[in-house]
Amino acid sequence: MTGFKSDFLNVLQSRGFIHQCSDFDGLDALAAKGQATAYVGYDCTARSLHIGNFLTMMMLYWLQQTGNKPITLMGGGTTMVGDPSGKDETRAMRTVEEIEANKASIRGVFAKVLRYGDGATDAIMLDNADWLTKLNWIEMLRDIGRHFSVNRMLTMDSVKLRLEREQEMSFIEFNYMVCQAYDFVELSRRAGCRLQMGGSDQWGNIVNGVELGRRMGTEQLFALTTPLLTTASGAKMGKTAQGAIWLNADQCSPYEFWQYWRNTEDADVVKFLKLFTTLPLSEIEKLGALQGAEINEAKKALADAATTLLHGEEAARTAAETARRTFEEGAIAENLPTVLIPEHESKFFYGPDGLSVIIAAQLAKLAKSNGEARRLVEGRGLRINDIIVTELLRTLTPADLRDGVIKLSQGRKRHVLIKPS
């Protein structure tokens with residue numbers, strides 16, 4: 001559908017966010033009046049959110065910028081159940097203490113993108129543990145469970161795909177979609193929420209909430225999903241050889257975050273500029289027109305804008321300068337990620353034989369195993385202080401220290417400082 005009345009849907013469509021919607025006309029009319037209160041749910045399965053979550057946070061950002069109200073829903077209750085979507089086995093059960101610790105750790109990231117407060121379009125944060133943990137089992141079955149068809153639940157991708165692969169699904173996981181659907185109804189009643197947004201893998205769960213609201217007498221509810229992103233080469237967005245790209249600075253430094261965007265494939269630059277920055281489309285169009293080596297300027301603009309949005313202008317400027325010094329000057333920049341050599345390994349570093357570069361590469365998280373580290377060396381992909389390592393038996397010793405640290409590099413793009421304890 002094209003030519004929306006609402007700025008919200010026009011912005012989302014022009015920037016590539018829209019995948020599916022349960023009712024474009026109804027949602028468009030609601031958003032045009034500034035009455036589209038919407039939520040995205042975030043389970044507390046880790047200490048930090050990741051880039052996939054950043055995408056839905058940007059949907060909430062544009063919702064707010066176009067005069068509507070966002071809700072960030074913390075999944076304190078649903079995390080106890082575990083979302084089976086996209087999984088071949090039951091998620092690890094987390095204790096209440098672990099969930100609370102994760103929740104506390106990820107709360108702060110939202111305020112970097114959204115404006116919270118008491119105003120009409122200010123964001124609010126709620127926690128589904130406030131109602132899910134208080135449900136009486138028998139009342140839940142009678143008042144909520146009776147509206148669900150097991151036949152229909154079995155057709156949902158989160159269930160069907162697991163069963164087709166003959167992977168066991170626990171009863172607790174089977175109930176996840178019930179909990180998520182009820183969240184939508186509860187948010188409608190508590191906060192006037194009419195829209196749930198999420199990734200396309202959540203479509204079935206979100207539509208269940210729309211249907212449950214209809215059966216339980218809420219105002220009409222709406223579903224809107226964004227495409228699940230892959231890079232131009234087919235890799236899952238936000239996944240690297242070193243693992244997920246986290247949003248918390250203590251798990252992924254602003255430099256590493258900046259560098260992730262700087263290393264974007266040429267074919268993805270425009271798409272990511274639209275989705276992960278607030279740059280005007282006219283400016284993105286100019287950046288997208290750059291050809292040859294000049295495309296690197298567009299990648300730097302992407303890295304600057306995305307890092308500024310999440311970590312602030314100063315952090316982005318520092319990361320860019322660190323990258324410039326590292327790549328253009330070959331300098332050892334103090335703002336690079338630093339790994340402290342554990343005491344039990346330092347004894348080798350200061351010993352007569354030194355610390356094996358194979359071990360050092362793993363300490364620096366440039367390799368996950370001895371075999372991977374050996375292949376890195378054999379492929380001439382490991383450097384010590386910008387000099388290629390050519391010997392598998394190469395060791396690190398105090399003679400390699402430069403200003404108290406050693407720069408270990410994977411190729412020319414990933415650098416880590418090693419510091420003996």
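This is a predicted model: local features need pLDDT of at least 70, side-chain atom pairs count only at pLDDT 80 or more; totals for chains, interfaces and linings use all residues.
User: What makes Lys365 count as exposed?
Analyst: Exposed means over 50% relative accessible area, and Lys365 has 62% relative accessibility, so Lys365 counts as exposed. The residue is found in the loop between α18 (357-363) and α19 (370-378), and its phi is positive, about 65°, although Lys365 is not a glycine.

User: Why is Asn385 called buried?
Analyst: The limit for buried is under 20% relative accessible area; Asn385 has 13%, and therefore Asn385 is buried. Asn385 lies in the loop between β11 (382-384) and β12 (387-388), and here again is a residue other than glycine with a positive phi, near 50°.

User: Why is the contact of Asp250 and Arg47 called a salt bridge?
Analyst: A salt bridge needs a side-chain nitrogen of Lys or Arg within 4 Å of a carboxyl oxygen of Asp or Glu, and the side chains of Asp250 and Arg47 meet at 2.7 Å, N to O. Asp250 lies in the loop between β8 (243-244) and α12 (254-262), while Arg47 lies in the loop between β2 (38-43) and α3, so the pair ties together parts that are 203 residues apart in sequence. With 54% relative accessibility Asp250 counts as exposed, whereas Arg47, at 39%, counts as partly exposed. A search of the whole structure finds 17 salt bridges.

User: How do you know that Glu211 and Arg215 are separated by about one helical turn?
Analyst: Both belong to helix α11 (residues 203-215) and they are four residues apart there, which means a separation of about one helical turn.

User: What makes Lys300 and Glu297 a salt bridge?
Analyst: Their side chains meet at 3.6 Å, N to O, which falls within the 4 Å limit. Lys300 and Glu297 are three residues apart in helix α15, and therefore about one helical turn separates them. Lys300 is partly exposed, with a relative accessible area of 25%, and Glu297 is partly exposed at 46%. Elsewhere, salt bridges that share partners join Glu100, Lys103 and Asp127 into one network.

User: How do you know that the span of helix α15 is close to what is expected?
Analyst: Helix α15 (residues 295-311) has 17 residues, and from its first C-alpha to its last it reaches 24 Å, close to the 24 Å expected at 1.5 Å a residue. Its buried residues include Ile295, Leu302, Ala306 and Leu310. After α15 comes Gly312, with a positive phi near 100°.

User: Which residues have the most contacts inside the largest nonpolar core?
Analyst: They are Phe54, Leu224, Phe257, Trp261 and Phe276, in a core of 70 residues. Helix α3 (residues 51-65) gives the most to this core, with 10 residues. Leaving aside its neighbours within four places in sequence, Phe257 is in contact with residues including Ile51, Phe54, Trp246 and Leu310.

User: What makes up the nonpolar surface patch?
Analyst: Trp137, Ile138, Leu141 and Phe171 make a patch of about 440 Å², and helix α6 (residues 137-143) gives the most to it, with three residues. Trp137, which has its place in helix α6, is partly exposed, with a relative accessible area of 46%, a value that passes the limit of over 30% for patch residues.

Methods
Residues are numbered from 1 along each chain as its sequence is written. Side-chain values use heavy atoms; hydrogens and water are left out. A nonpolar core is a set of buried Ala, Val, Leu, Ile, Met, Phe, Trp, Tyr and Cys residues joined through side-chain atoms within 4.5 Å. Buried means under 20% relative accessible area, exposed over 50%, partly exposed in between (1.4 Å probe, protein chains only). Helices (H or I, at least four residues) and strands (E, at least two) are DSSP runs, numbered from the N terminus. Contact means heavy atoms within 4.5 Å. The expected span of a helix is 1.5 Å times one less than its number of residues. Patches are made of residues with over 30% relative accessible area and no salt bridge: like charges are joined within 9 Å, nonpolar side chains (Val, Leu, Ile, Met, Phe, Trp, Tyr) within 5 Å. Accessible areas come from the Shrake-Rupley method with a 1.4 Å probe; for residues, only the protein chains shown count as cover.
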